[in-house]
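Visitor: Please show me the model. I have a few questions about it.

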Amino acid sequence: MLASILASGVAVGAIYALIGIAYNTMFSTSRVMSFTAGQLGMLGGVLGSLFVLRLGLPPIVGFVAMLACCALIGVITEFVAVRPVLKSLDQHLYVLSTLALALMIQQVTAIKWSTEPQPFPRLFELGSGTLDEKFWVPVAACLLTIIGLELLYRKTLVGRAFLAIAEDNFAARALGLPERNLRIASYALAGAIGGLAGFAGGQLLLAFFANGPLLNFYGFVPVALGGLGNNRGAVIGGLALGIFQQAANFLVGGIFSSVAVFCIFIIVLLLAPQGLFGSHVARRV
Amino acid sequence: MSISRREFTIGSAGLVGTSTLGLTRPALAQSEPIKVGWLAALTGPSSAPGVGFNRGVIYAAEAINAAGGVKGRKIEIITRDTQGDPTKAVNATQEMISQAKVHAIWGPTNSGESLAVTPIMARAKMPNIHPCVVDSLIDEKKFPNAFRLAPSNTQWDDAVRNYCLKILKLKKIAVIGDTTGYGVSAVNASVAGFKKDGAEVVYQANIDATQPDMTPDMLRAKTSGAEVVVVWSVSTGMEARMMNVRAAMGWDVAFVGHPSLSSGEIGNLVEKPANWEKVYAVGYRSCSYGADGKLAARNAELVERLKGKVNLSDTLLWWVTCGIDAVEMVAKAVEATGSSSSEAIIGHWNGLAKYNGYFGDYSFNPNQHNGYPTADVVMSAASSAKDGAFLLAPGYSG
């Protein structure tokens, strides 16, 4: 039972962590929590199944095509749902605009794809039981994403420009950084990360239009637990959430596991409102 | 003979009056088409049944009209695509009643829409037949115009329970549903039914249909000693995951339950075809192959007639036959009574005893508008679909 809890919990937790990173990547350059993050995860699974199973493309080609499509959806999100409301961030209009776009993505997928879950292809034909690829592929994808982001932020000029924008938007612009282009790039990157989450977890979650709200919801929890904008916090929060949720499934049953998850979530936020790994932010006066 | 201006005026007024009062209507009524409103979810989510029913409706209307109609009157099907949306169904119903002036309405074909439109049709005394399963949709006092052409939820429940207890002769039952309103109420009703009949419900659960791993609940069901797992869900993803987990656990237990267990989608989702074996879904005797691999003679002959005209490969035979029965029931009511008035059609349906339809032998009376015979609700081998029909599950005769 313990092996099953760990295998399934860590795999699902890695998917949640990746969605949390997608939230953070979009937030860092725009100060907007875009609720399209879960839909990007859903699209990763649906487009992966479409390209590989239905269109018969080789998995690697299907994977690259999926990443490109999800990056494009990320860019569209920036243009359609984020840029128009940036001037009035304090009114939180982005909640409505990004939720509206998320709903549109979900409905179009339901109509054009299917309202029933569709199969997702086996990628490597490796492993069985608790070592089956459906459990370790999401974990590997999460690890590679963290390493890739660390390299991007620490070793490249573009990555440092991202950090500069995230740290102080006004100062970065004053230094001549192309803030708008960097924001578009960060949304493309977030789109690809969200898509990767869905693709890597496709064998667990299947290619299903209704995965969007689920990932939106459970992907947000690690962000809140780990601290807004903190990718390491999101990964630890995501893995903890996955393991706790799966343990609750075993111990108290599926119908109560969501209740257990949100009880813990509320308790953590009451004790540490800034998240477990977030820092206190000084308020401008 | 001379006619005075006064006599001419009175005579003209009388002529206008009689035509306005309807004394000339019988001649008109005898030639006007019989208008059947068809509330169909033909597009959007949940449109698969609507598409299947529609094939039967079109086939029946064309067949009747090709044979000269009903006493010279053609059948005219007035279709409105409700897209499974109750709001659209309400608008379409009101349009059919007040503008299209239909003589009877067939549909809607899902319970959500039907719950919204049934009271509207009742107020207009509109003859209505539908195949929706929610029990409360049939109430002979509140909705004396509404007749059910398919089994109710209770009849499905009875069929599943009878199969587990009387045919499989198993007593330790696990009942699992999803967390939707339907899943929760269906599990509760099923558990109550099993307990009433003396069975031991050793495990009861509602699972979130999007839960990626069904191992926890399946493990608990196995540990509880369940001999059969009864499944009440419309989520094919959840059902396929349960079948995959059952195989991974090496648990030799039967799944019995909701018709969606036999959905073609499951064939794509199970890891191996063998995982879909020993799964029995609610089905219908009229649309099932017997041990000899053949349909009942009447429906075998129908399927022969449908070849080349109606595609059965991507739909269910019961949807098509039910659509045919619906149109024919309206036509036969008009033929028998010579009238297309609401009272005549409803009165005729209220007197039907073992009406020999393709989908079933329906019986109605003023106090019973659930017309489908419970004995004809059977279990089918879920993975045995061929031309929209299924093999009878093991244990049934014929």
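This is a predicted model: local features need pLDDT of at least 70, side-chain atom pairs count only at pLDDT 80 or more; totals for chains, interfaces and linings use all residues.

Guide: Residues are numbered from 1 along each chain as written, while chains are lettered from A and ligands numbered from 1 in written order.

Visitor: How are helix 10 of chain A and helix 11 of chain A oriented to each other?

Guide: Helices are DSSP runs (H or I, at least four residues), numbered from the N terminus. The axes, lines fitted to C-alpha atoms over the stretch in contact, come within 7 Å and cross at roughly 125°. Angles run from 0 to 180 degrees between N-to-C directions. Under 35 degrees is roughly parallel, over 145 roughly antiparallel, 65 to 115 roughly perpendicular and the rest oblique, so helix 10 of chain A and helix 11 of chain A are oblique.

Visitor: At roughly what angle do helix 1 of chain A and helix 11 of chain A cross?

Guide: Helix 1 of chain A spans residues 2-30, and helix 11 of chain A spans residues 231-252. Their axes come within 7 Å, and the crossing is at roughly 145°.

Visitor: Is Pro151(B) buried or exposed?

Guide: Pro151(B) sits in the loop between strand 5 (146-148) and helix 6 (153-167) of chain B. A residue is buried with 20 or more other C-beta atoms within 10 Å of its own, exposed with 12 or fewer, and partly exposed in between; C-beta atoms are placed from the backbone. Pro151(B) has 23 such neighbours, so Pro151(B) counts as buried.

Visitor: What separates the C-alpha atoms of Pro151(B) and Met238(B)?

Guide: Along the chain, Pro151(B) and Met238(B) are 87 residues apart. Their C-alpha atoms are separated by 24 Å.

Conventions: Helices (H or I, at least four residues) and strands (E, at least two) are DSSP runs, numbered from the N terminus.
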